[in-house]
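Colleague: I am new to this structure and would like to learn how to read it. Please take me through it feature by feature.

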Amino acid sequence: MSAKLVLALIVALQVSTCLCAPEPDKELVDKYEDMKATFYKRILAAYGKVQAAVVPLAEGMEHGSVIKEYATTLHADPKMQSAIKALTGMAGELTPLVDKARTGALGVYGEYLRPYIGTYLDHAIQGIKPVLDAVLPAEE
């Protein structure tokens with residue numbers, strides 16, 4: 001009976017060590033962080049352009065003042081502020097889980113997929129960058 005238990009324990013330990021995601025390379029993590037920062041810069045620049053285009057347009061409309069008043073009222077609403085606080089708290093709690101999942105995904109990609117598709121993906125990203133720089137630049 002105890003031999004079966006020892007064998008089951010050994011098999012369970014082997015399976016658990018096989019399921020652990022490998023650590024990603026430092027170079028891969030740096031490359032990912034650089035691309036993520038550039039993506040956020042592109043989104044913020046696009047948001048700034050949209051806001052600069054929409055604000056004068058909204059001020060010219062007859063309902064622009066009503067929309068602006070509604071936005072300020074909504075921002076001052078205690079229910080909205082508590083919802084924002086709850087969402088901010090949830091985001092703070094989920095950040096370590098997201099980081100762990102991202103690290104695991106980068107480790108699996110670096111270990112198993114990068115040797116096969118890494119060069120193709122890199123060439124595709126390098127080909128898309130000039131188009132993104134023209135359409136959605138990271139900096140103005």
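Modeller: Start with contact, which means heavy atoms within 4.5 Å. This is a predicted model, in which local features need pLDDT of at least 70 and side-chain atom pairs count only at pLDDT 80 or more, while totals for chains, interfaces and linings use all residues. Residues are numbered from 1 along each chain as its sequence is written, and side-chain values use heavy atoms, with hydrogens and water left out.

Colleague: Which residues is R42 in contact with, leaving aside its neighbours within four places in sequence?

Modeller: With those neighbours left out, R42 touches K129, L132, D133, L136, P137 and A138. R42 itself belongs to helix 2, residues 26-60.

Colleague: Is R42 buried or exposed?

Modeller: Buried means under 20% relative accessible area, exposed over 50%, and partly exposed in between, with a 1.4 Å probe and protein chains only. R42 has 8% relative accessibility, so it counts as buried. Across the chain, buried residues make up 9% of the 140 residues.

Colleague: How many helices and strands does the chain have?

Modeller: Both are DSSP runs numbered from the N terminus: helices are H or I with at least four residues, strands are E with at least two. Here there are four helices and zero strands, giving the pattern α-α-α-α along the sequence.

Colleague: What radius of gyration does the chain have?

Modeller: The radius is taken over C-alpha atoms, and the globule rule is 2.2 Å times the number of residues to the power 0.38. The chain has 24 Å, whereas a compact globule of 140 residues would have a value near 14 Å. Along the principal axes, the C-alpha atoms fill a box of roughly 80 × 45 × 20 Å. Of the contacts with a separation of 6 or more, 87% are between residues 24 or more positions apart.

Colleague: How many aromatic pairs are there?

Modeller: Rings of Phe, Tyr and Trp (its six-membered ring) pair if their centres lie within 6.5 Å; planes under 30 degrees apart count as stacked, over 60 as edge-to-face and the rest as tilted. The count by this rule is one aromatic pair. The ring centres of F39 and Y40 are 6.1 Å apart and the planes stand at 50 degrees, so the pair is tilted. Y40 is partly exposed, at 48% relative accessible area.

Colleague: Where does Y112 lie?

Modeller: Y112 is in helix 4, residues 78-135. Its relative accessible area is 48%, so Y112 is partly exposed.
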